[in-house]
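Okay, thanks everyone for coming. I'd like to walk you through one piece of a model today, so let me put it up on the screen.

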Amino acid sequence: ADLANSTVSVSAASVASGSAVTLTLQTVDANGNNLTSGGSSVVFGRTGGTSTGSITAATDNGNGTYTATFTGLVAGTATTIFATINGNSVTSTLPTITVNPGPVSLSQST
């Protein structure tokens with residue numbers, strides 16, 4: 001997989017606290033061709049911004065794509081989503097996610 005050509009994407013650029021979006025890594029070779037098999041060790045993470053969330057372990061879909069779920073926790077400014085392949089960071093343009101306040105919680109409201 002080529003680190004500069006592989007792409008990280010998110011199913012939505014914003015998410016309500018307590019809700020989830022899908023993170024996807026499409027692995028690509030140095031010539032821009034989508035890889036069609038898995039086998040790499042992929043980890044998703046977040047950096048920067050004040051929005052926080054939890055990220056599940058990556059799933060190898062066996063077709064060159066890897067997915068994980070980001071669940072929004074604390075609302076704030078956009079956080080950048082990144083991925084590593086076999087311990088090396090993907091260097092293509094990375095997406096961001098903004099966590100927005102979730103619905104009113106009667107048990108938390110005073």
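**Strand β8 and its partners**

So, let's start with a pairing: strand β4, residues 42–47, and β8 pair in the antiparallel sense, with six bridges between them. If you want a spot to look for, find Arg46, whose bridge partner in β8 is Ile81. Keep in mind that this is a predicted model.

Now, β8 itself covers residues 79–85. How many of its seven residues are buried? Five of them are, so to speak, tucked away, and the strand counts as mostly covered.

Take strand β10, residues 96–100: two bridges join β10 to β8, and the two run antiparallel. Here you can look for Thr80, standing opposite Thr96 in β10.

Ile85 has Asn88 in β9 as its bridge partner.

And that brings me to the turn. β8 and β9 form a hairpin, with two residues between them. Asn86 sits in that loop between β8 and β9. As a reminder, most residues other than glycine have a negative phi.

Technical notes:
Residues numbered from 1 in each chain as written. Predicted model: local features only at pLDDT ≥ 70, side-chain atom pairs only at ≥ 80, totals over all residues. Heavy atoms only, no water. Buried < 20%, exposed > 50% of the residue type's maximum accessible area, 1.4 Å probe, protein only. Helix = DSSP H or I, 4+ residues; strand = E, 2+ residues; numbered from the N terminus. Pairing = 2+ DSSP bridges.
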